[in-house]
Amino acid sequence: MSTSRTDAAVQARRRATQEMLERLQTALTAARGHTPVTVAALARTARVSRTFLYQNQQARALIEQATRANRPHPAVSNSGSRAQPAWKQRALNAEDALTQAQREIRTQRTHIAELLGKIRDLEHDLPEGSLQRIVTENTTLKQHVRQLTQDNQQIQERLTSARQNNRFMDKRIADLEAQLAPYLTAPTPRP
C-alpha cells in the first residue's frame with residue numbers, strides 16, 4: 001500500500017514539474033526578442049521559484065537555449081558553462097539585493113540620526129532644574145484636577161438635590177393652588 005502512495009506521489013511530482021516546465025517554455029516564448037532573459041523575471045512570469053530554475057536541469061537547458069538564441073554570437077562553451085549562467089545570475093541578483101539593502105540601511109540611519117538630533121535639541125533647550133520644576137508643576141496640576149473633579153461631583157449632587165426640592169415645591173404649590181381654587185372662583189359675599 002505504501003508503494004502505491006509513493007508511486008502516486010512521484011507521479012504527482014512529475015506532473016507538477018512538467019507543468020512548471022511548460023509555463024517556463026511559454027514565458028520564454030513570450031519574452032523572446034523583447035527583453036534580455038533574467039531568472040527573476042522568468043520566475044515571476046512562469047510562476048515558479050528561482051530555485052526551480054537553478055536546480056532543474058531541463059529548466060536550465062531551456063533558459064540557456066533561450067539565452068543563446070537572443071545572443072548574436074554564441075560564446076564558446078566549456079564543461080562548466082551550464083552551471084555558470086545560473087551562478088552568475090544568482091550573483092547579480094544578490095548584488096542588486098545587497099545594494100538595495102545598503103541604500104535602505106543608509107536611509108534608516110539618516111532618519112535615526114535626525115530623530116536623535118531633535119531629542120538632543122529638545123533636551124538642550126531646557127535649563128538645569130527645569131525637569132524637576134516641570135515634574136512638580138505636573139504633580140500640582142494633577143492634584144488640582146483631582147480637587148476640581150471632586151468639587152464638580154459635589155456641585156452635581158447639590159444641583160440634583162436642588163432640582164428634586166424644586167420639583168417637590170412645584171408640586172406642593174400646585175396642591176395649595178388646587179385647594180385655594182374653589183375659594184378664588186366663588187363670589188365673595190357682600191356685607
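Me: Contact means heavy atoms within 4.5 Å. With that in hand, which residues is Asn-93 in contact with, leaving aside its neighbours within four places in sequence?

Reply: A reminder first: this is a predicted model. Once neighbours within four places in sequence are set aside, Asn-93 is in contact with Arg-50 and Tyr-54. The side chains of Asn-93 and Tyr-54 are also joined by a polar contact of 3.3 Å.

Me: Where is Asn-93, and is the residue buried or exposed?

Reply: Buried means under 20% relative accessible area. Asn-93 has 16%, so it counts as buried. Its place is in helix 5.

Me: What does Gln-89 touch, not counting residues up to four places away in sequence?

Reply: Gln-89 touches Thr-38, Val-39 and Tyr-54 on that count. Gln-89 is found in helix 5. Its relative accessible area is 15%, so Gln-89 is buried.

Me: Let me step back. What is the secondary structure of the chain?

Reply: Count the elements, then read their order. The chain has six helices and zero strands. From the N terminus on, the order is α-α-α-α-α-α.

Me: How much of the chain is buried?

Reply: Of the 191 residues in the chain, 15% are buried. The accessible surface comes to about 16400 Å². Carbon and sulfur atoms hold 55% of that surface.

Me: Which residues touch the most other members in the largest nonpolar core?

Reply: A nonpolar core is built from buried residues joined through side-chain atoms within 4.5 Å. The largest one here has 18 residues. Those touching the most other members are Leu-24, Leu-28, Leu-42, Val-48, Phe-52, Leu-53 and Ala-59. At least two core residues come from each of helix 1 (2-31), helix 2 (39-46), helix 3 (50-55) and helix 4 (57-70). Helix 1 gives the most, with five residues.

Me: What is Leu-28 in contact with, its neighbours within four places in sequence left aside?

Reply: Leu-28 is in contact with Val-37, Leu-42, Leu-62, Ile-63 and Ala-66.

Me: Now for charges. How many salt bridges does the structure hold?

Reply: Side chains of opposite charge can pair when their charged atoms come close. The structure holds one salt bridge. The side chains of Arg-133 and Glu-137 form it, at 3.1 Å from N to O. Both residues lie in helix 6 (residues 130-185). They are four residues apart, about one turn of the helix.

Me: Why do Arg-133 and Glu-137 count as they do for accessibility?

Reply: The partly exposed class lies between the cut-offs for buried, under 20%, and exposed, over 50%. Arg-133 is partly exposed because its relative accessibility is 46%. Glu-137 is partly exposed as well, because its value is 40%.

Me: Which residues form a nonpolar patch on the surface?

Reply: Ile-112, Leu-116 and Ile-119 form the patch. Together they have about 260 Å² of accessible area. Take Ile-119, which sits in helix 5 (residues 83-125). Its relative accessibility is 44%, so Ile-119 counts as partly exposed.

Notes. Residues are numbered from 1 along each chain as its sequence is written. This is a predicted model: local features need pLDDT of at least 70, side-chain atom pairs count only at pLDDT 80 or more; totals for chains, interfaces and linings use all residues. Side-chain values use heavy atoms; hydrogens and water are left out. Patches are made of residues with over 30% relative accessible area and no salt bridge: like charges are joined within 9 Å, nonpolar side chains (Val, Leu, Ile, Met, Phe, Trp, Tyr) within 5 Å. Accessible areas come from the Shrake-Rupley method with a 1.4 Å probe; for residues, only the protein chains shown count as cover. A salt bridge is a side-chain nitrogen of Lys or Arg within 4 Å of a carboxyl oxygen of Asp or Glu. Buried means under 20% relative accessible area, exposed over 50%, partly exposed in between (1.4 Å probe, protein chains only). A polar contact is a pair of N or O atoms within 3.5 Å; within protein, one must be able to donate a hydrogen and the other to accept it, and residues adjacent in sequence count only if both atoms are side-chain atoms.
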